[in-house]
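Please read the following account alongside the sequence and the model, taking the open spaces first, then the contact between the chains, and lastly some details of the backbone.

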Amino acid sequence: MRLLIQNGRVICPDQGLDRVMSVLVEDGRIAALDAEGRGDEQVIDATGKVVAPGLIDIHTQLREPGCEEDETIASGTAAALAGGYTTIACLPETDPPIDTAASVEFVRQKAARAANCNVFVIACVSKNKEGKELAELGTLSEAGAIAFSDGMASIQSSELLRRALEYSLMFGKPILHHPESIELSRGGVMHEGKTSLVLGLAGMPAEAEDVMTSRDIRLTEATHGRLHLLNISSAVSIELVRRTKLRGIHLTAGVCAINFTLTDEELRSFDADFKLNPPLRSREHVEACIAGLKFGTIDIISAGHAPRASEKKMQELDLAPFGMSSLETTLPLVITKLIEPGHLDWISALAKLTVNPAKLLGLNKGTLRVGADADLTIIDPATRWTVDPSKFKSKSCNTPLAGYAMIGRATQTIVGGEVKYERIAD
Amino acid sequence: MTAAGAEFETLPAVWTRRHLLDLESLSPAELTCVLDAADRFKAATDDCRRKISVLTGRTLANLFFENSTRTRNSFSLAARRLGADTVEFSSSGSSTAKGETVIDTAKNIEAMNVDAVVIRHRTPGSPYLLAKNLDCAIINAGDGPHEHPTQGLLDILTIRQRRGSLQGLTVALVGDIAHSRTARSNIWGLQKLGAHVILCGPPTLVSRRWEEFGVEVAYRLDDIVERCDVLNLLRIQFERQYTRPFPSVREYALLYAMNSERMRRAKSDILIMAPGPINRGVEITPDVADGPQSVILEQVTNGIAVRMAVLWLTMNTAQTNS
């Protein structure tokens, strides 16, 4: 099976490549760049489009098993394809959490049956995500888990995180941690600041993230473990990561696209679609996120896909769960909020969506190097469109971006050399 | 309609809202409009005892998801004195206990052809949820620590009646600002009508951030008591606190209770207010609560006039718009 993608602007951050050329795909791998066709292959004309390595997300909640009303593995992976993702790593935000070999296998089987994008499993750090005892990281690793995380259940025990960072070293797999001091954020529904003060809503102070980021960095330094801070959102946390990297200590950090897009002012509508974790923060934090991305402090942009059924969101703010459906809006946000305004060029932006997450997870993906897996995303960089949640492939359409004007989106998503998604004009 | 009701046949042009959700979004003209109407209702009904049937045939539903005595009865009396019928709803024993959402509960009440819903709920924003999902008039009777607009209005009305104007007055709100919906309504209303507002309490309950909104923040009552024209003493909302913001009630009373010693240092014509319920000996000592400067019971009486004004304005606007 051969596929020739012609006339596109090929951007491969891994190779520092950005020019118009063709990409030849054969037997599920990148066969050649700048190659001529033989005439017997399927041809895609990508004139005016960007041809990029397939996007990779490290923070997707597929919600199955246990929360199928929010999302299923089939619907979540379909949403991923529509958003331009060829690979997702799913967090153990399931019921029960993914803390056994059998549950890893369940997700892998279901994903294979859905046959959409690649799905890799991030298994629990602690049994039942309780933050008390280590899960069987070796067994989970053997079963195919590529990383460990307790998802949005931030590990409060410093001792447990220390042991996890040490123990996981023998498997060479990273710990993905959501830094949040529950003591400080308990009961909070939004960022603590001027807006929460006026609205009388319980706040989640930036310090709840900062103190945990600080602790996590210290433990990483002490253990030489592999830590990725899942979603940081505060100016101080970003500064802590920047200084740590300057000292030569290895750790990586990610940000959710929504956290460089909207501010906590949106909560003035009291709409639970804006209830997110990390919360939408004030302007200074949003600007710090953008600066962190611009100057390389933040390595990865994640979707933070946390879909929730509409009946769960149509409640009072304290009862509604955190989260949004975001796989289908993340790439457009990167284009609209980072590339178009000139904060990031295409290579830097795509690096945070492709090669950097691939490196974190140890995948032969996120690149257009000859021999790599033929996962590609073709992007129309100029199309203007408006977010209409009713057109989402995700089972849940809760998004704070309904009606939001976007620039650019994926038009074709190719997985293993096969066109798995092609956008039909709305 | 009684003869006295003739003046209420036409709505003031400045009022175009069918909901009253907060005081933050009201203009000074709208605030004045409600206060003026309240004054007129109070005068026309001899301190609210007589009926003035401008809402005959209309129905008001009281949806109280939190306990209330004063506010609920005040709204009921106000509605009845305007000739409206009332439906009472409490969360205990209701459908919400069976898992029904607040929106569905309210929609069911609305389907019984009610014209307005008064809602009290522990969660900020709940009245906004109803305003988005229902067609009838929605009146916020307290949404968690966010706002309690009719309480703010009745506090302001009481001050205005006593002083003639808010302009230039110094009004201190003392106590648990962090968890007080009364404070959040007072802050906006008082400032818009020209008063200088001081928030006073321990730093754990009073954020410095309020200064960004033009409010003065003070941590010691003794530092400000001499220059206040009005002291509004707020209750400590223990039920809304996750952690104790001060070491003991005894220590709080020592630092913040309005007592006779502090009254001696205060202006001779100071007004002592409290939104109630008051905790005697905590925010206020009994002699001050019952003393000559206290207007606490006047606030309660004014509550009915304010709610009559609010029901008249919102229910008529809702009917006009529908």
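Sorted by class, the lining of the largest pocket comprises 18 nonpolar, 13 polar and 13 charged residues, where Ala, Val, Leu, Ile, Met, Phe, Trp, Tyr, Cys and Pro count as nonpolar, Asp, Glu, Lys and Arg as charged, and the others, Gly among them, as polar. This is a predicted model, in which local features need pLDDT of at least 70 and side-chain atom pairs count only at pLDDT 80 or more, while totals for chains, interfaces and linings use all residues. Residues are numbered from 1 along each chain as its sequence is written, chains are lettered from A and ligands numbered from 1 in the order in which they are written, and side-chain values use heavy atoms, with hydrogens and water left out.

The largest pocket holds about 1,300 Å³ of space, and of the 44 residues that line it, E192(A), L201(A), A202(A), G203(A) and H179(B) lie nearest its centre. Two or more lining residues come from each of α5 (182-185), α6 (194-199), α7 (206-223), α8 (235-246) and α9 (283-294) of chain A, the helices being DSSP runs of H or I with at least four residues and the strands runs of E with at least two, numbered from the N terminus. On a 1 Å grid over the protein atoms alone, a pocket is an open set of points with protein on both sides within 12 Å along at least five of seven lines, a cavity is a set where a 1.4 Å probe fits but cannot get out, and lining residues have an atom within 4 Å of a point. Grid points are joined across faces, edges and corners, and a volume is the space filled by probe spheres set on the points.

A search of the whole structure finds one cavity of 30 Å³ or more, and the largest cavity has a volume of about 70 Å³. Its lining consists of 13 residues, with E180(A), E209(A), N277(A), P279(A) and R281(A) nearest the centre; by class, six are nonpolar, four polar and three charged.

Turning to the interface, chain A contributes 19 residues and chain B 24 residues to the contact, which means heavy atoms within 4.5 Å. Together the two chains bury about 1,900 Å², 60% of it on carbon and sulfur atoms, buried area being the accessible area (1.4 Å probe) that two parts lose on being put together, summed over both. Of the area that chain A buries against chain B, L197(A), F270(A) and E316(A) supply 32%, more than any other three residues.

Three salt bridges cross the interface of chain A and chain B, each defined by a side-chain nitrogen of Lys or Arg within 4 Å of a carboxyl oxygen of Asp or Glu. R122(B) and D318(A) meet in a salt bridge through their side chains, at 3.3 Å from N to O. On the side of chain A that touches chain B there are eight nonpolar, five polar and six charged residues.

Among the backbone details of chain A, a cis peptide bond joins E64(A) and P65(A), with omega about 10°, and P65(A) sits in the loop between β6 (55-60) and α1 (73-82). The bond from N277(A) to P278(A) is also cis, with omega near 0°, and P278(A) belongs to the loop between β14 (252-256) and α9. D34(A), a residue other than glycine, has a positive phi near 60° and lies in the loop between β3 (29-33) and β4 (42-45).
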